[in-house]
Amino acid sequence: MSKKLDDKYIKMDESKQDTLKLRHTAEHVLHTAMQKLYPNLKKAMGPATDEGFYFDFDLDDKVTEADFPAIEKEMARIIKSESKMVRREIEADEAKKIFAGNPYKMEWVEEIAGRGEKFSTYQMTLPNGKVIDEDLCSGPHLDSVSEIGAFKLLSVAGAYWHGDEKNKMLTRIYGTAFATQEELDKYMWQLDEAKKRDHRKLGKEMDLFSFSDLVGSGLPLYSPKGAFVRRKLTEFVESVQAAQGYYQVWTPQIAKADLFKTSGHYDKYKGDMFRVVSNYSDEEMFLKPMNCPQHTQIYAAQPRSYRDLPLRLTDFAMLYRDEKPGELSGLGRVRSFSQDDCHIFCREDQVDVEIDVALQMTKKVMDTFGFKYKYRLSTRDVDHPEKYLGDPAVWDRVEKWAVEIMERNNIPYYDGPGEAAFYAPKMDLVATDALGREWQLSTLQIDYVMPERFNLVYTDQNGEQKHPVMLHRAILGSAERAMMVLIEHYAGAFPVWLSPIQVTALPVSEKTMAYSEKIVKELKEKGLRVELNSDADSLGKKIRNAEASKVPYMLILGEKEAESGQVSVRARGQKDLGSMSLSDFAEKVIKEDKERSV
RNA sequence: GCCACCUUAGCUCAGUUGGCUAGAGCGCCAAUUUUGUAAAUUGGAAGUCCUGAGUUCGAAUCUCAGAGGUGGCUCCA
């Protein structure tokens, strides 16, 4: 975590420490139980995590969720035994003896011995002093396993030793643990709620998007309603950008390999780009996986003076990346997508102002959706300098610069070592949604590498040629990812301005069908997105369907309304707003439609 | 790409050791009902049981291969 972050965060970290201790201890209870049930297994390793804990086992038996009750029963027995977690410091020789039959543990032992560090183990010790498990572990742990108030095993999955697919596949068991049953119940409720909000489920139910085996995996097809939401999101960002002197450009879906060779993407990502073949030339071409290289060529299309800068180019073009099949998932990871992309070419002395404006625009958009957020400062992996292009001195400067920018703008941030792009460090926005889940959306990068590689220049006041700085910036990140996050954030109940259908008119019976048609026509003329439910269903059924579709407003139109010339309004979520005139209702909806803080 | 699991009507799913002329609810269509704030009644249509090959007298069910999906791993410009 970061040095900065305010006091609240630091305090949270302390209570987090207690939770981590508890989960770490629960993890020992898990592998102690597993050893009893599967005597031939070899323990690999496992940590406590933000959500719970997991442990990797090397075992011949197949473990499935059907085995969880038996394992949980054994775990409960151990917790009830009131065993103590006893720390022991030992020498290398003894460690080697204890873990001789376990190649995973031996690997650790060798590594720790290599660093000349001390060994510590934790013994699961019954009140009568009998040791039922000993594991190489630096701790810390709870003193007694009985402090684990509530736990649950969640899932089982395969995982490679050290995450390397050349190694043996181990069995990973996930679980979670809390100090109290209430906390566990709350967590399980959240999991359940997240499942209900799953954008893949809602996307189908609400007819927003679909996939086709014939079109291909990871290639989303938006139906009219989904296309509407997607378009509305990009229009929103576009309107925010246009107000700040950003200009939209239009660029092709393909480009020659030379472009990506110059940018460095070819060397780095060739295997993840779709190759395009021409019938008439041998030129190697690719579907573009990002916009930056093409935007450099718009900059390069004419001579630039220091007076022309900054040049702010935005682009919503479709991008294509040949992701591995196992990595695709709903709209969260796709092979065709678009970013709300922007590249700002500016002088070094303009960078701070441009960034502050970009951060303010981002704040406006995040506030509109009600996202709290912080930034991750994504820096180089210090152990692998070869992964990055450009002058290390410039990297050092820019990485420090990012900290100043966060401080200046009073934005909470934390460090993300090894998360930088190959050409620049990143300031990545991590938003927290309605369920407390975190998603990476925006990104902001100060790039000295691309302008140099493409030899972009401008003429300064003294007639000298200089490289501009290139800022890369996205607010929502990608439209598809934003769709996913917003569908789940709102649980499908979009605000009025994002709703494909804002109002459903419900005639009480066929007698008021003509009146309903008139109302619908008038609202459409006022620019509202209205639908008429002319099904032969009962009113109750129509309301039920309207609620299920998450439409913000329902108009109940019966003989009462036809006579008075008014409409009865029901807002989604069982809110009866009574009757009002059509113009009052239209005004109300139009006001909400404009509510987003553009 | 690797590991595990999954794929039956538009959707959600049932289908017992291979015997199926493959079922249910919702949805859809039709008729009756003309409905007042979260599900009217009755009837009907609808399936290359993901695809291909194999085993078998016989395959939704077993085997192999492929496609797609889910949960992980790895990756994410």
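How many Å separate the centres of domain 1 and domain 2, taken over C-alpha atoms? The answer is 40 Å. In chain A, the domain assignment, which is automatic or from a database, lists domain 1 (7-186), domain 2 (201-252 + 288-489) and domain 3 (496-593).

A word on the ground rules: this is a predicted model, where local features need pLDDT of at least 70, side-chain atom pairs count only at pLDDT 80 or more, and totals for chains, interfaces and linings use all residues. Residues are numbered from 1 along each chain as its sequence is written, while chains are lettered from A and ligands numbered from 1 in the order in which they are written.

Let's step inside. Beyond its neighbours within four places in sequence, A482 is in contact (C-beta atoms, placed from the backbone, within 7 Å) with L233, L441, L476 and G477.

Now find L142, in the loop between β5 (131-136) and β6 (150-160). L142 counts as buried because 20 C-beta neighbours lie inside 10 Å; the cut-offs are 20 or more for buried, 12 or fewer for exposed, and partly exposed in between, with C-beta atoms placed from the backbone. Leaving out residues up to four places away in sequence, L142 touches K21, L22, T25, M85 and E147.

Key
Contact = placed C-beta atoms within 7 Å. Helix = DSSP H or I, 4+ residues; strand = E, 2+ residues; numbered from the N terminus.
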